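Here is a short note for someone opening this entry for the first time. Please look over the display, then take the points in order.

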Amino acid sequence: MKNGKKRGSREIGLEIAVICGRYFLKLQHLHYGYWSDDLDVDIANLGIAQENYAQFLISHIPEGVARILDVGCGMGQVASELVRMGYGVDCVSPSSYLSRQARELLSKTSRVFECYYEALHTENRYDLILFAESFQYINPEKGIKKTLELLRPGGYMLICDVFRKDLPGQSPLSGGHPLTRLQRIVAESPLELVKDVDITAQTAPSIDIENEVLQEVVKPTVDLIRQLLESKYPIMSKSLRFLYGKKMDKMNEKYFSGLKTSENFKKWKTYRLLLYRRIDFAEPC
Ligand SMILES: C[S@@+](CC[C@H](N)C(=O)[O-])C[C@H]1O[C@@H](n2cnc3c(N)ncnc32)[C@H](O)[C@@H]1O
């Protein structure tokens with residue numbers, strides 16, 4: 001537990017994905033990636049798609065920005081590119097594993113606050129607060145409140161993340177706050193929308209890759225472990241099934257239903273780059 005918040009299964013799942021992605025594919029980012037039309041949708045190209053995403057993100061940083069807070073910095077790859085470009089960057093990272101990687105990569109000029117964003121306390125103020133696929137993990141009301149506390153007047157909030165569409169029924173894909181929820185909170189705040197770019201089509205191919213890994217690698221591995229437990233420890237297996245059968249069925253349904261597809265992603269989700277500016281300040285005459 002960190003700052004009174006329990007580590008959830010999504011957080012731990014993310015770290016497992018990082019460990020595998022780093023080891024097997026040499027990935028440095030944790031986001032979906034940006035698949036341009038000329039890039040083949042193949043797991044071998046995931047690193048290129050992720051680099052494209054980072055460049056896409058950076059290209060939307062407005063002129064005049066000097067100090068950036070990278071919220072949920074992952075392994076610090078985007079932050080390190082920003083430092084290389086001359087920005088002053090601090091990071092927030094609740095994961096001790098990821099914070100360690102980020103600190104190794106970043107120079108001593110960058111501070112990595114190891115805490116949840118909602119619990120961050122600092123006197124520092126920033127020109128831009130960046131959420132690169134991290135906004136979905138943060139309570140939106142608390143996140144915007146904290147952002148207004150840390151953003152200097154005239155500063156920017158840049159969110160690039162997946163959101164839920166308001167559709168009836170149950171999406172087979174989890175993750176993302178309803179976009180309308182963010183829009184409602186922002187409407188009552190001194191933040192003004194500057195840019196809204198829909199990149200659902202460019203991010204969706206990563207879902208097919210994730211589905212392929214789940215179906216072709218994770219599911220057969222889990223099945224083999226289950227068979228091994230059943231033959232070696234039949235009583236323990238039966239007890240586990242009796243105690244956690246419903247939970248196991250739910251997990252099977254969630255990860256191995258085969259419904260995690262780019263088509264369903266495009267139907268139920270919308271992936272947006274949203275740039276907001278804080279407007280409760282006096283423009284110089
Ligand atoms: C999908 S990863 C994105 C990482 C990185 N921004 C990137 O683009 O590669 C989500 C990140 O959000 C962080 N995170 C999760 N909950 C958070 C919270 N409440 N406050 C700050 N960061 C959080 C995770 O530790 C992780 O670094």
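1. Charge comes first. The chain carries 39 positive and 36 negative side chains, counting Lys and Arg as positive and Asp and Glu as negative, with His and the chain ends not counted. The centres of the two sets lie 8 Å apart, each charge being placed at NZ of Lys, CZ of Arg, CG of Asp or CD of Glu.

2. A word on the source. This is a predicted model, where local features need pLDDT of at least 70 and side-chain atom pairs count only at pLDDT 80 or more, while totals for chains, interfaces and linings use all residues. Residues are numbered from 1 along each chain as its sequence is written, and side-chain values use heavy atoms, without hydrogens and water.

3. Next, the domains. The assignment, automatic or from a database, gives domain 1 (9–201 + 264–278) and domain 2 (205–256). Their C-alpha centres are 31 Å apart. Eleven residues of domain 1 touch six residues of domain 2, contact meaning heavy atoms within 4.5 Å.

4. Now burial. Of the 285 residues, 45% count as buried, that is, under 20% relative accessible area with a 1.4 Å probe, protein chains only.

5. One helix shows this locally. Helices (H or I, at least four residues) are DSSP runs, as are strands (E, at least two), numbered from the N terminus. In α4 (residues 96–105), the buried residues are Y97, L98, S99, Q101 and A102. Their cover includes α1 (9–25) and β3 (112–113).

6. Last, the extent. The C-alpha trace spans about 80 × 40 × 35 Å along its principal axes.

Definitions and conventions: Buried means under 20% relative accessible area, exposed over 50%, partly exposed in between (1.4 Å probe, protein chains only).
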